[in-house]
Amino acid sequence: MIPVPAQPYPYPLDPDHVALVVIDMQRDFIEKGGFGDSLGNDVRRLEAIVPTTAALIGLFRKKGWTVVHTREAHLPDLSDCPPSKVTRGNPSLKIGEEGAMGRLLVRGEPGNQIVPELAPIAGEIVIDKPGKGMFWATGAHEMLAARGITHLVFAGVTTEVCVQTSMREANDRGYECLLIEDATESYFAEFKAATLKMIAAQGGIVGWITPLAALSAATEPAR
Ligand code: C5J
């Protein structure tokens with residue numbers, strides 16, 4: 001085990017059974033003209049974490065550790081999208097409607113792709129998820145179990161929606177979860193701050209939090 005300085009206490013990273021999960025770093029959330037923008041959000045907040053997330057992915061690739069990417073994505077006929085998800089709120093464009101980067105949150109559309117700086121490479125796992133959580137209707141647990149993964153390091157967007165939901169789902173399935181604070185972001189600063197707090201509260205009721213520098217220093221000690 002590698003002890004990684006973290007809150008609420010050091011995270012015991014198991015280098016033989018760890019995977020990075022990068023949640024929904026898609027053009028639909030990070031670029032203007034996508035789904036996040038259609039809800040009236042300032043997408044620049046999310047764009048700002050692309051370099052840190054790229055460095056985190058680079059660390060896992062260098063170590064030869066598993067990298068998983070998720071995409072919030074629906075089938076073109078929206079048969080996997082509950083009507084409540086389409087109609088909720090008052091977006092300028094709804095899921096499935098044609099936006100500046102193709103149909104919003106629909107598999108295969110340009111806006112549904114992961115931003116080029118963080119694009120998956122051969123051998124990495126890509127999970128298309130119809131919900132906010134990565135385990136709902138995806139087979140993710142079986143996929144990770146088949147690889148012997150017990151420890152998950154999380155990054156991505158948005159902190160309080162898809163990242164937190166996925167982390168809670170993972171925690172309930174017995175994974176040891178660490179969220180990288182500066183490789184996750186929300187459209188709302190106060191929601192990110194509250195989510196980080198609630199994850200690590202009560203002795204790590206959902207998991208651990210730490211900045212990338214702490215993970216890097218623990219896993220790549222100076223010689
Ligand atoms: C949202 C996500 N916020 N990836 N999706 O709708 O967090």
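This is a predicted model: local features need pLDDT of at least 70, side-chain atom pairs count only at pLDDT 80 or more; totals for chains, interfaces and linings use all residues.
In which loop is proline 8 found? Proline 8 sits in the loop between β1 (2–4) and β2 (11–13).

Glutamine 7 and proline 8 are joined by a cis peptide bond. Its omega is about 5 degrees. Most residues other than glycine have a negative phi, and most peptide bonds are trans. With that in mind, two further spots deserve a look.

The peptide bond from valine 157 to threonine 158 is cis, with omega near -15 degrees. Threonine 158 belongs to the loop between β8 (151–157) and α7. The other spot concerns phi. Aspartate 24 is a residue other than glycine, yet its phi is positive, near 55 degrees. Find aspartate 24 in the loop between β3 (18–23) and α1 (27–30).

Now turn to the helices. Two packed helices are described by the angle between their axes and the distance between the axes. Take α7 (159–172) and helix α8 (residues 189–204). Their axes come within 10 Å and cross at roughly 15 degrees. An angle under 35 degrees counts as roughly parallel, so α7 is roughly parallel to α8. The crossing of this pair is right-handed. On the α7 side, the contact is made by Thr159, Glu160, Gln164, Met167 and Arg168. They meet Phe191, Lys192, Thr195, Met198 and Ile199 of α8. By class, the contact of α7 with α8 holds four nonpolar, three polar and three charged residues.

A second pair is helix α4 (residues 50–63) and helix α9 (residues 212–219). Here the axes come within 11 Å, and the crossing angle is roughly 20 degrees. That angle makes α4 roughly parallel to α9. The crossing of α4 and α9 is left-handed. From α4, the residues in contact are Thr52, Ala55, Leu56, Leu59, Phe60 and Lys63. Their partners in α9 are Leu212, Leu215, Ser216 and Thr219. Six nonpolar residues, three polar and one charged make up the contact of α4 with α9.

What about the space between the atoms? Rolling a probe the size of a water molecule over the atoms shows where empty space is left. The largest pocket holds about 400 Å³ of space. Its lining draws two or more residues from each of α2 (35–38), α5 (83–87) and α7 (159–172).

How many residues line the largest pocket? There are 21. Phe29, Phe35, Leu39, Lys132 and Val161 lie nearest the pocket centre. The lining divides into 11 nonpolar, five polar and five charged residues.

Terms used. Residues are numbered from 1 along each chain as its sequence is written. Side-chain values use heavy atoms; hydrogens and water are left out. On a 1 Å grid over the protein atoms alone, a cavity is a set of points where a 1.4 Å probe fits but cannot get out, and a pocket is an open set with protein on both sides within 12 Å along at least five of seven lines; lining residues have an atom within 4 Å of a point. Grid points are joined across faces, edges and corners, and a volume is the space filled by probe spheres set on the points. Helices (H or I, at least four residues) and strands (E, at least two) are DSSP runs, numbered from the N terminus. Ala, Val, Leu, Ile, Met, Phe, Trp, Tyr, Cys and Pro count as nonpolar, Asp, Glu, Lys and Arg as charged, and the others, Gly among them, as polar. Axes are lines fitted to C-alpha atoms, for helices over the stretch in contact, and angles run from 0 to 180 degrees between N-to-C directions. Angles under 35 degrees count as roughly parallel, over 145 as roughly antiparallel, 65 to 115 as roughly perpendicular and the rest as oblique. A crossing is left-handed if the near helix is turned anticlockwise from the far one by less than a right angle, and right-handed if clockwise. Contact means heavy atoms within 4.5 Å.
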